[in-house]
Amino acid sequence: MFADDELYNEINVPNVDEILISLLNTATSAVQDVFSAASDQIQNEYVTQNQSLPQLHGQNTTSASRFVSTDVNSFIERNKNLNTERKTSGHMNLLTEYLNYKNEIREIHEIPPTDLDVILASFFVEVRQKNGSEYEPISLRSMLGSFERELKQRNYPESLISSHKFNRCRLALKSKQKDLKKKGMGNKPKTAERITDSDIEALYLSGELGTSTPNSILNTLWYNNTLLFGMRGGAEEHRSLRWGDVRLAYDVELKKEYLEYNERQTKTRTGADVSLYRNKPRMYAMAENPQRCPIEVYKTYRDKRPAQYSAPDDPFYVAATTKHNPGPHYAWFSRCPVGVNKLRSMMKRMVSNADLKSDKRLTNTSVRKHLCQKLLENNVPGTQAIQITGHKNPNSLNNYRSINNAQKENISSLLCDSENRHVRLSIRSVQSPETGVCLQMSSNQHATSNQNSDKSLFSGSVIHGGVFNITLNNFFGTEPPKRKRVCVIDSDSDCVPRCVTFKTCVTVYYVIKLVSCYGHIILC
């Protein structure tokens, strides 16, 4: 036993604890090496990624500048036509009031087509204005359109205008319109009349148009833009006009200054159809009448308005100072845009201040009617006229065709005068090739039985060049020439005419006889 113990001590075998500690140290060292290698690899990848981070960051910044977060629904609502929305809202309020009157608690889009057809038919027959008077026929048709728009926005399954389920509604509307026409309605009593040249002259003489006061400058600018640029008289187009939309330039060929208008959104060109565009209209300087030259009015306004408020995006119309007639060293205009209500009543206010003694209904639309009728009276082609008026279709100008008071008086005199005979001379177009001036002329003259009375129309006249289209209608009591008798000859030959006079037939007969006899003699 002792020998074994001594042998064990000589061998010096380590115990179990030492073996476990040694294995643990070896494993720990190996794990540290693995983690160290992994850490170096991760650090190298991180450095490599950081080298490309500035480029990626720049790309994200560029993309963020190209896209803007916007609420689509609110964006669509903001770009709707405000006038249409206002009209639709008013008509819907009226219908809601009628539904409450009929104890109907359902919304219009919740009512089935069969029930809604009956309700709307009764509505068009029973509705009245606040004072108890009838609506105009065109107003009732406008209500139907408003109801159609509201139902379409609510995804209603049927159409009031085209669906057969609303035949009763449409029939009631037509019957109501016919009944109103029997009562003398439907003649558009509130239609604006055309402003005449004499009315325009009166506005200039009264000082409402011109450059004497700040308000007269604003009035003249509005009038020129409406007449020469074809802008609509309402407040929308004039309100959205910016100072940079009107550009002053010089025409080298004509050697004249002009103003050019860059159009924004209008009634006919909203931007929804990109194929619709308009050539930029111009207004040129009038050297022969500098007091009424549109270029001089623009320059005066440019010099008088605040220089700090003349950026391209600033409003074109700025408010006048409260002082009626400020001196040359005082401010004429302030840094504030002209209000909507003032733009809507420009013509009405000018007529009132000028104290025009006229029973005509003159509104902002009167200037536009003057523009369209002036172009039609001077035979300007429709394709050229719409470039000034701003219409989308030349046929739209037909709505402005009407005869003026002077033409009505001439027609009345012509129809009432049954004793005297007339000679009517109408020169529709006179254009000189040298000056290029085109005029519209017409005249009526009483004539007697003297045969030389038609020559007196040109007595003492001197005409130099030009192209004249003259229509001369002579209603003298001379007998018309007798008609010659016509003899019809049936022949298959293309050389023989179908219709010849009797004298020609006799001549041809004797010629044929002579030729036949002469030929018979030769043959014999």
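Hi everyone, let's start with a crossing: helices α9 and α14 cross in a right-handed way, meaning that the near helix is turned clockwise from the far one by less than a right angle. This is a predicted model, where local features need pLDDT of at least 70, side-chain atom pairs count only at pLDDT 80 or more, and totals for chains, interfaces and linings use all residues. Residues are numbered from 1 along each chain as its sequence is written, and side-chain values use heavy atoms, without hydrogens and water.

Helix α9 covers residues 214-228 and α14 covers residues 364-377; helices here are DSSP runs (H or I, at least four residues), numbered from the N terminus. Their axes, lines fitted to C-alpha atoms over the stretch in contact, come within 8 Å and cross at roughly 40°.

Who meets whom? On α9, look for W222, Y223, T226 and L227; on α14, for N364, V367, R368, H370 and L371. Contact means heavy atoms within 4.5 Å.

The whole structure has two cavities of 30 Å³ or more; a cavity is a set of points on a 1 Å grid over the protein atoms alone where a 1.4 Å probe fits but cannot get out, lined by residues with an atom within 4 Å of a point. Volume is the space filled by probe spheres set on the points, joined across faces, edges and corners.

Which helix gives the largest share of the largest cavity's lining? That is α9, with three residues. This cavity has a volume of about 50 Å³, and its lining includes L221, N224 and N225.

Key
Axes fitted to C-alpha atoms, helices over the stretch in contact; angles between N-to-C directions. Helix = DSSP H or I, 4+ residues; strand = E, 2+ residues; numbered from the N terminus. 1 Å grid on protein atoms, 1.4 Å probe; cavity = no way out; pocket = protein on both sides within 12 Å on 5 of 7 lines; lining within 4 Å.
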